[in-house]
Amino acid sequence: MFKWKKLGRIFNPLDVKNKFWLKEFAQAPATLLFDEFIRIYFSCRPKRDQSGQFVSYSAFIDLDRKNLFNIINIAKEPVLKLGQKGCFDEFGTYPISVIREGNEIWAYYGGWTRCVSVPFNTAIGFAKSKNGGVSFEKIGPGPLLSYSLDEPFNIGSVRIRKFNNVYYLFYVAGKKWTMVNSKPEMSLKIRMATSKDGLNWTKHNKNLVPEKNGENESQASPDVYYTNGKYHMFFCNWIPETFRDTKARKIGYAYSTDLINWTRDDSKAGIDVSENGWDSEMIAYPHVFEIDGKIYMIYLGNEVGRYGFGLAIIEGELN
Amino acid sequence: MKWRKLGQIFEFSKSPFKNEFVSHSQSPQAVVFDNFVRVYFSTRKKDKTGKFLSHVQFVDFDKKFENIINYSKHEVIPLGNLGCFDEHGIFPFSPTSFGDKLYAYTDGWTRRVSVDIDSGVGFAFSSDGGNTFKKLGDGPVLSSSLYEPFLVGDPFVRIFLGKFYMFYIFGKKWCEKTEEHEPERVYKIGYAISDDGINWKKMNREIIKDKIDENECQALPTVIKIGGSYHMFFCYRHMISFREKKEKAYRLGYAFSDDLVNWKRNDDKGGIAASDKGWDSAMMCYPHVFHCDEKIFLLYNGNEFGRFGFGIAVLEEMT
């Protein structure tokens with residue numbers, strides 16, 4: 001049994017001044033460890049554009065390894081450029097998930113384009129950094145993982161992991177757009193792909209995690225962490241039909257011993273919304289990491305991270 | 001090659017389709033049956049917003065292409081669900097028979113905000129002799145990828161050398177809007193190989209050399225084996241002013257190959273050019289070449305991208 005003890009919010013994007021591209025939102029936090037600090041990548045937004053819509057950039061903050069509430073550095077520029085005209089990532093790069101490969105850092109990210117009948121579509125892009133993760137160069141103008149027979153749209157919410165010398169992408173694919181009060185709402189499902197080189201991927205083509213809230217349940221941010229002989233997945237989920245009213249997303253939990261068969265048990269997730277404050281309506285986009293012998297969860301709060309993300313530490317054994 | 005034009009064999013305005021559709025019969029593609037030849041094509045409706053939607057229909061000809069003996073009475077394949085790659089039109093529709101199976105590869109269209117459209121290649125099969133087709137899934141079998149960022153379409157599939165070969169086009173760039181023109185696209189011909197016709201490996205090559213300049217747009221490859229070599233027809237045009245200026249409009253191109261890998265372009269040798277006057281004098285596009293009994297035919301569209309109908313030519317001589 002385990003529970004997460006909330007330590008508080010570590011980053012509020014509204015506190016940042018003089019960065020036009022970082023006005024609000026700090027979404028989908030993902031960590032990269034350095035000797036002296038821990039880098040947290042996230043995605044953020046400038047003010048709405050002329051058409052009243054947002055674009056998303058990805059950036060990072062560095063936290064003092066000895067005091068995770070001490071921000072010692074903030075990215076000077078977004079780490080990735082938006083895509084060229086007509087490309088899958090023209091209007092956003094969100095989220096970003098990174099992994100070290102020798103002297104390089106590889107990034108897998110969600111690229112956003114705007115559509116007419118539905119608000120957007122997404123696909124997964126790939127980029128590399130040769131300067132320690134300060135900036136990333138795309139390998140090509142198109143996506144690494146795109147739409148396919150059983151995954152018709154909204155390929156995103158990506159996480160890169162490497163277990164036993166195999167690369168795993170945990171991501172989501174859209175199953176259906178449903179009209180709710182005349183607005184399209186998406187139903188996303190957690191999916192997986194594997195690769196030997198990080199570049200050529202084989203989709204597993206199955207939903208990984210069973211639904212608990214009806215067949216339209218949306219699932220996102222599958223974050224997989226291995227310890228005690230098990231793979232632990234924390235993810236967020238919501239109900240498309242009622243989401244605009246409740247504004248609620250919750251953190252779910254599933255475990256597996258083979259990465260293919262997953263048992264879902266949200267009652268074990270060990271974390272819920274607070275009674276009041278920045279994470280009282282929603283907790284979402286969990287990311288679990290270990291640093292200096294302790295296991296933490298970083299997660300975002302209300303309005304899908306509009307006001308930043310916070311930290312929790314595990315109590316008990318993650319098993 | 002020397003072709004004899006048999007004229008415009010289908011006129012939209014004289015067909016029953018004019019009652020339900022607005023105009024166009026684009027990209028005629030044939031399936032040869034024992035006693036007739038079925039020609040599929042895409043025709044257009046307007047939706048609530050006034051924009052066009054391409055729908056697939058067919059007409060059956062006698063084997064001399066002198067008489068129309070049947071018209072489709074309902075759509076051959078439905079457009080895609082909300083948010084899917086083929087929600088806003090299917091054009092072209094490329095039927096392919098392997099043994100006694102009848103399949104179709106589709107070019108599905110979806111509308112974008114910063115550019116007009118994107119596209120992908122779908123797969124469908126018929127269980128009723130080609131009257132209707134069912135999709136294998138909601139998504140595409142061939143889509144954007146690292147080096148082919150958008151506008152993957154115009155599929156043409158045949159079995160050669162024991163493998164499935166798909167010739168198709170992919171987008172190279174979208175040019176920014178200027179005072180003279182809206183954002184315009186550039187696309188090139190590529191190919192992919194498959195063992196089963198469903199899972200494809202892109203070869204990531206442009207196979208036809210540009211004749212105009214690097215912004216030449218190449219479309220709708222169609223390939224036929226005659227004797228020991230392979231012959232490709234396609235259409236090509238300038239990037240801008242191709243709608244209004246005759247000298248910039250689509251013309252038919254030609255290339256040949258002994259190995260399906262290396263192609264020699266020689267448009268003059270193709271042996272078919274625009275007429276001095278009449279339905280195919282200002283434009284020729286969307287070629288489809290096929291065997292019928294002992295003869296080889298070429299279906300194609302004429303002026304205004306096939307707004308008024310399609311025609312056919314028969315091969316008289318190989319040189």
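**Figure 1. Surroundings of A:Trp106 in the predicted model.** The side chain of A:Trp106 makes a polar contact of 3.0 Å with the side chain of A:Glu104. A polar contact is a pair of N or O atoms within 3.5 Å; within protein, one atom must be able to donate a hydrogen and the other to accept it, and residues adjacent in sequence count only if both atoms are side-chain atoms. This is a predicted model, in which local features need pLDDT of at least 70 and side-chain atom pairs count only at pLDDT 80 or more, whereas totals for chains, interfaces and linings use all residues. Residues are numbered from 1 along each chain as its sequence is written, chains are lettered from A and ligands numbered from 1 in the order in which they are written, and side-chain values use heavy atoms, with hydrogens and water left out. A:Trp106 belongs to strand 7 (residues 104-114) of chain A; helices (H or I, at least four residues) and strands (E, at least two) are DSSP runs, numbered from the N terminus. With a relative accessibility of 10%, A:Trp106 counts as buried, where buried means under 20% relative accessible area, exposed over 50%, and partly exposed in between (1.4 Å probe, protein chains only). Beyond residues up to four places away in sequence, A:Trp106 touches, among others, A:Ile99, A:Phe126, A:Phe136, A:Tyr167 and A:Asp197; contact means heavy atoms within 4.5 Å. The C-alpha atoms of A:Trp106 and A:Ser129 are 6.3 Å apart, although the two residues are 23 apart in sequence.

**Figure 2. Polar contacts of B:Ser126.** B:Ser126 is part of strand 8 of chain B and is buried, at 12% relative accessibility. Its side chain makes a polar contact of 2.9 Å with the side chain of B:Asp128. The side chain of B:Ser126 also reaches the backbone nitrogen of B:Gly130, at 2.8 Å. When residues up to four places away in sequence are not counted, B:Ser126 touches B:Leu102, B:Asn131, B:Thr132 and B:Phe133.

Figure 3. B:Arg237 is found in strand 15 (residues 229-237) of chain B. A salt bridge is a side-chain nitrogen of Lys or Arg within 4 Å of a carboxyl oxygen of Asp or Glu. The side chains of B:Arg237 and B:Tyr187 are joined by a polar contact of 3.0 Å. B:Arg237 also lies over the face of B:Phe242, at 3.5 Å from the ring centre; a charge sits over a ring if NZ of Lys or CZ of Arg is within 6 Å of the ring centre and within 35 degrees of the ring normal. Neighbours within four places in sequence aside, the contacts of B:Arg237 include B:Arg185, B:Ile212, B:Glu216 and B:Tyr250.

Figure 4. Side chains of opposite charge can pair when their charged atoms come close. The count comes to 40 salt bridges over all chains. A:Arg65 and A:Asp292 meet in a salt bridge of 2.9 Å, N to O. A:Arg65 lies in the loop between strand 4 (57-64) and strand 5 (67-74) of chain A and A:Asp292 in the loop between strand 18 (284-291) and strand 19 (294-300), so the pair ties together parts that are 227 residues apart in sequence. A:Arg65 is partly exposed at 22% relative accessibility, whereas A:Asp292 is exposed at 51%. In chain B, the closest N and O atoms of B:Arg38 and B:Asp60 are 2.7 Å apart in a salt bridge, and both residues are buried. A network of salt bridges links B:Lys211, B:Glu216, B:Arg265 and B:Asp267.

**Figure 5. Aromatic pairs in chain B.** Rings of Phe, Tyr and Trp (its six-membered ring) pair if their centres lie within 6.5 Å; planes under 30 degrees apart count as stacked, over 60 as edge-to-face and the rest as tilted. By this rule there are 71 aromatic pairs over all chains. The ring centres of B:Tyr105 and B:Phe123 are 5.2 Å apart and the planes stand at 65 degrees, so the pair is edge-to-face. B:Tyr105 is buried, with a relative accessible area of 1%, and B:Phe123 is buried at 6%. The rings of B:Tyr165 and B:Tyr191 have centres 6.2 Å apart and planes at 0 degrees, so this pair is stacked.
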